[in-house]
Amino acid sequence: MNPIPSPSHSAALPRLGLGIDTGGTQTRWAIATIDEKIVASGTTAGLTALQLNTLHGQTEFGQVFAGLAATAHAHGSLQSVRAGITGFGDQAHHALLQRMLTDILHLPPQAIHLSNDIEIAYLDNFQPGTGYLIYAGTGSIAALIDETGQFHRAGGRGYLLDDGGSGFWIAREALRHIWRSEDEEPGWSQHSRLAQEMFKALGGDSWDVSKNFIYHRSRGEIGTLALAVAAAAGHDETAARILKQAGAELARLGLAMCRRFGDKPMVLSGRVQELHPLIADSLRQHLPPHISLRRSVCQAHFSAARLAARQLRTL
């Protein structure tokens with residue numbers, strides 16, 4: 001990591017806030033000046049809070065954040081950080097990561113603000129209390145930050161329990177259908193567009209290839225197989241049905257929030273919506289007509305950088 005500039009040199013450099021939005025597939029970052037101007041942005045390796053449970057995962061976190069610190073220092077004096085981390089929320093994770101980043105970034109604890117990635121995405125789309133965010137990437141969740149700043153959720157329980165409508169869920173549903181169909185009718189997959197697209201993405205059509213991919217790759221890598229489902233959807237009824245069901249699963253999350261907190265506008269965000277129009281269309285069809293729905297290309301790393309820049313004014 002680049003050395004921290006001396007105090008006399010730092011005074012001549014622009015004060016910077018670093019915004020970070022981690023996900024299972026990639027981590028996006030942006031750097032902003034105190035007037036909230038974005039001066040740099042990019043992507044790096046994906047990270048999730050689950051990695052903090054192992055020493056290897058903690059090392060990966062440290063390497064990514066050290067690299068981002070070096071990048072930031074090439075543009076000025078890094079003085080605040082706002083990070084949204086997927087799967088984050090455990091108090092033990094918070095304490096561990098706060099200590100790690102304090103050491104890596106050479107910043108005081110009050111200059112580092114940590115939350116889950118969905119809080120950042122919510123604030124990128126709504127003022128507190130004004131709507132529901134339905135976010136679908138590798139995982140899925142619906143969220144509300146109320147007027148008091150409290151975070152409420154539906155879903156977001158992880159791929160082992162749910163994550164309905166997410167990229168991982170779409171890929172899993174497709175592979176489940178393919179191998180169940182092969183159990184019932186060996187050779188079925190040779191005539192299935194869905195199976196052929198999936199096998200192309202997997203790198204082979206044997207069960208061993210599928211098994212090794214599913215049980216040895218990260219959930220983010222597995223989630224990318226949803227691209228193959230989308231590629232087949234125009235020619236394969238099963239692929240289209242899975243994408244429509246994904247939309248219904250995401251609608252369920254939004255409706256769960258409505259039952260608890262009343263009807264509010266909704267925003268669909270995350271990369272799943274980019275797979276195929278069937279997903280957003282199905283979501284819309286499963287919502288009452290009076291509930292507004294718009295789609296948003298999430299730029300949460302920019303929002304995080306601007307929040308970090310505002311924090312500079314209080315330090």
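Predicted model: local features only at pLDDT ≥ 70, side-chain atom pairs only at ≥ 80, totals over all residues.

Biologist: Which residues line the largest cavity, and what makes one of them nonpolar?

Modeller: The lining consists of Ser140, Gly155, Gly156, Asp162, Asp163, Gly164, Glu249, Arg252 and Leu253. Leu belongs to the nonpolar class, while Asp, Glu and Arg count as charged and Gly counts as polar. Leu253 is therefore the one nonpolar residue of this lining.

Biologist: What volume does the largest cavity have, and how many cavities does a search find?

Modeller: Its volume is about 30 Å³. Searching the whole structure gives one cavity of 30 Å³ or more.

Biologist: What stands out about the phi angle of Asp163?

Modeller: Phi is near 55 degrees there, a positive value in a residue other than glycine. His106 also has a phi near 55 degrees, again positive and again not in a glycine. His106 sits in the loop between H3 and strand E5 (112–116).

Biologist: Let us turn to Ala154. How do you know whether Ala154 is buried or exposed?

Modeller: Ala154 has a relative accessible area of 6%; that is under 20%, so the residue is buried. Ala154 belongs to strand E8, residues 151–155.

Biologist: What does Ala154 contact, leaving aside neighbours within four places in sequence?

Modeller: Its contacts are Ile141, Ala142, Leu253, Ala256, Met257 and Arg260.

Biologist: How many residues separate Ala154 from Phe168 in sequence, and what is the distance in space?

Modeller: They are 14 residues apart in sequence and 18 Å apart in space, C-alpha to C-alpha.

Biologist: And His93, why is it called buried or exposed?

Modeller: The relative accessible area of His93 is 10%, which falls under 20%, so His93 is buried as well. His93 lies in helix H3, residues 91–105. Not counting residues up to four places away in sequence, His93 touches Ala49, Leu52, Asn53 and Phe88.

Biologist: Now the pockets. What is the volume of the largest pocket, and which residues lie nearest its centre?

Modeller: The largest pocket has a volume of about 1,000 Å³. Its lining has 49 residues, and Gly24, Tyr135, Gly137, Thr138 and Gly139 lie nearest the centre. By class, that lining divides into 14 nonpolar, 25 polar and 10 charged residues. Its largest share, three residues, comes from H8.

Biologist: What is the second largest pocket like in volume?

Modeller: The second largest pocket holds about 570 Å³ of space. It is lined by 22 residues, and those closest to its centre are Tyr159, Phe168, Arg217, Arg219 and Ile222. Helix H5 (167–184), helix H7 (207–216) and H8 each supply at least two residues of this lining. Its classes come to 11 nonpolar, seven polar and four charged.

Biologist: Stepping back to the whole chain, how do you know that the radius of gyration agrees with a compact globule?

Modeller: For 315 residues, a compact globule would have a radius of gyration near 20 Å; the chain has 21 Å, so the two agree. The C-alpha atoms fill a box of roughly 75 × 45 × 30 Å along the principal axes. Of the 315 residues, 53% count as buried.

Biologist: Which secondary structure elements make up the chain?

Modeller: There are 12 helices and 10 strands. Among contacts between residues at least 6 apart in sequence, 66% join residues at least 24 apart.

Biologist: What does UniProt list for residues 18–276?

Modeller: An unreviewed UniProt entry lists them as "domain: ATPase BadF/BadG/BcrA/BcrD type". Over those residues the chain is 46% helix and 21% strand, with the end C-alpha atoms 32 Å apart.

Key: Residues numbered from 1 in each chain as written. Heavy atoms only, no water. UniProt positions renumbered as here; feature names shortened; annotations may be inferred. Helix = DSSP H or I, 4+ residues; strand = E, 2+ residues; numbered from the N terminus. 1 Å grid on protein atoms, 1.4 Å probe; cavity = no way out; pocket = protein on both sides within 12 Å on 5 of 7 lines; lining within 4 Å. Points joined across faces, edges and corners; volume = space filled by probe spheres on them. Rg over C-alpha atoms; globule rule 2.2 N^0.38 Å. Buried < 20%, exposed > 50% of the residue type's maximum accessible area, 1.4 Å probe, protein only. Contact = heavy atoms within 4.5 Å.
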